[in-house]
Amino acid sequence: MELLVEDATFVTMAEQAGPVEAMLVRDGRIAAIGPAGPVRAAADGAQVVRLDGATVIPGLIDAHCHVTDVGYLAAAADCSQPSAPGIEAIQARLRAAAGRTPAGAWVTGGGYAEYKLRENRNPTRADLDQAVPGRPAVLYHTSLHACVLNTAALREAGFADAEPDPPGGAFGRDSEGLLDGVVYEAPMFALFARNLHRELARMSDDAGGGLIGAAGRKLSSFGISSACDADLRRDTFAAFAAADAAGQLSQRIYGLIVHDQVDAVPRGRHSGRLATEAVKIWADGGMSSRTAAIHGRYPVPPYGSGILSFERDELTAMVRDFDARGYQVCVHAQGDRAIETVLDAYAAVLPAGGGNPRRHRIEHGGAMYPYLTERAAALGIVIASQPGFLSGLGDGFAAAFPDRYDELYAFASWQRAGITVAGSSDAPVITADPRIGIRDAIVRRTGDGRVLGPDQRLSAREALALYTTQAAIACHREDEIGSLEPGKLADFTVLDGNPLETEPERIGGLGVLATVLDGIPVYQSGSIFPGQ
Ligand SMILES: [Zn+2]
């Protein structure tokens with residue numbers, strides 16, 4: 001099957017590119033791309049697709065997100081604003097969800113933000129009890145840093161009224177000190193993971209595959225054609241494998257296997273769309289929860305210096321083991337103290353002569369200050385980071401790092417030092433939409449409108465590179481994806497404008513017209529690819 005794509009602006013992200021007017025796709029790969037004459041001459045009975053001046057970019061790559069979580073939330077009742085403007089509307093959504101939720105499963109809603117609700121407060125256990133009495137119901141906050149449980153869910157989760165606040169978290173309470181159903185931070189994260197994995201255990205493999213399919217449809221509507229799943233376990237691998245077998249994977253999935261699950265997940269390239277060749281380790285906590293391990297202390301609650309998950313020697317031993325077994329190692333590290341520990345581990349394991357052949361990574365790298373950047377660059381460490389945090393969480397960073405917020409997520413400094421920086425979302429922590437990440441890498445504006453690290457702003461081309469060429473390198477896939485060049489896979493995204501020539505603040509509003517894998521659209525908003 002051949003496809004000749006014409007009448008489009010092509011942003012190839014290739015090294016040397018002359019004028020590009022047409023692209024020929026054959027058998028799922030780019031057979032030719034360049035001036036119209038020679039590309040047409042190479043076409044042999046191809047179906048011609050004229051794109052009316054739309055822009056074709058390489059398929060976007062999210063180098064770090066949580067695909068299964070996205071799917072789990074996609075299946076929840078939509079309780080977001082403005083679609084559910086008040087608590088009554090949320091109750092109606094949950095009531096409707098209860099009707100289609102099988103017995104034994106929790107009724108689940110998500111997406112609300114109390115400050116956008118008419119009542120300007122969190123719904124409570126009593127509100128949820130009214131909507132869903134007698135069986136567990138959970139309503140996730142859009143930030144995923146809080147949720148609301150009804151009485152049955154509180155009971156099943158084992159949260160009693162006399163419960164003290166757990167470490168790293170808190171319970172909302174009413175005027176009598178009784179639990180009002182709202183759960184914050186650490187116990188919320190544990191509950192989310194527990195609910196997701198219970199849900200997967202309850203589901204058939206096919207239904208698990210369906211959950212992955214739902215996530216994939218969402219991601220492809222954002223133009224994403226490849227994604228690293230940063231939390232791959234035995235049960236989620238089974239769901240990915242089922243989706244793959246059913247032809248329901250709309251992204252190429254590059255799985256990072258959680259370190260204690262490595263022996264439970266088969267390793268390798270299982271198909272063109274599913275691979276498991278990397279390991280994920282957590283070295284510390286998060287920036288917005290102030291659990292990232294830092295030197296010094298946070299000036300805001302819960303104060304302290306964050307949490308380091310492993311001592312240096314223990315982490316080094318883990319990295320050495322996985323490195324020896326041939327895995328790429330990807331370590332979550334946010335605070336400067338954690339990043340230092342991870343770099344110590346990498347320095348102990350990597351060959352003395354330099355080089356990082358397995359492309360071991362740091363995930364996030366929030367407080368990677370200049371002396372750490374220098375070390376990471378010398379070691380050849382790859383960073384997978386999240387520009388979209390700047391608008392989504394940046395004001396919280398500014399509060400937690402009042403003296404150094406301009407040095408956080410220092411994308412320009414990292415690139416100048418020669419580090420490969422891959423773009424990603426960490427969804428569902430923030431939206432998976434890479435248009436937001438690309439915009440934020442350029443403007444670095446927080447929700448409140450302040451610019452964090454004006455010196456760290458990237459050009460539009462550099463920002464797009466994070467999600468294309470650079471992310472491909474972070475996944476060992478630069479020979480196949482990340483740019484539009486002959487011989488590469490025909491993975492591309494069609495936008496209704498050129499992100500390199502759009503006013504940066506408007507990039508988030510560019511429309512995704514189609515997302516194409518192997519030359520076949522997996523998503524399109526209209527019908528630019530006829531007969532699909
Ligand atoms: Zn993550």
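Close-up 1. Histidine 66 counts as buried because its relative accessibility is 10%, buried meaning under 20% relative accessible area, exposed over 50% and partly exposed in between, with a 1.4 Å probe and protein chains only. This is a predicted model, in which local features need pLDDT of at least 70 and side-chain atom pairs count only at pLDDT 80 or more, while totals for chains, interfaces and linings use all residues. Residues are numbered from 1 along each chain as its sequence is written, and side-chain values use heavy atoms, with hydrogens and water left out. The zinc ion is coordinated at 2.1 to 2.2 Å by His64 (NE2), His66 (NE2) and Asp426 (OD); donors are N, O and S atoms within 2.8 Å of the metal (3.2 Å for Na, K and Ca), and sites may look incomplete because water is not among the atoms. Histidine 66 lies in the loop between strand E5 (60-65) and H2, and aspartate 426 in the loop between strand E19 (421-423) and helix H14 (434-443), so the pair ties together parts that are 360 residues apart in sequence. Helices (H or I, at least four residues) and strands (E, at least two) are DSSP runs, numbered from the N terminus. Aspartate 426 is likewise counted as buried, at 9% relative accessibility.

**Close-up 2. The open sheet.** Six strands, in the order E6-E7-E8-E9-E11-E10, form an open sheet with mixed pairing, where two strands pair if DSSP finds at least two bridges between them. Strand E6 (77-78) and strand E10 (169-173) are the edge strands, each pairing on one side only. E10 runs antiparallel to strand E11 (residues 179-185), to which four bridges join it, and arginine 173 has leucine 179 in E11 as its bridge partner.

Close-up 3. Phe389, Phe397, Tyr409, Phe411 and Trp414 form one aromatic cluster; rings of Phe, Tyr and Trp (its six-membered ring) pair if their centres lie within 6.5 Å, and planes under 30 degrees apart count as stacked, over 60 as edge-to-face and the rest as tilted. A search of the whole structure finds twelve aromatic pairs. In the pair of phenylalanine 389 and tyrosine 409, the ring centres are 6.0 Å apart and the planes stand at 90°, so the pair is edge-to-face. Phenylalanine 389 is buried, with a relative accessible area of 3%, and tyrosine 409 is buried too, with a value of 0%.
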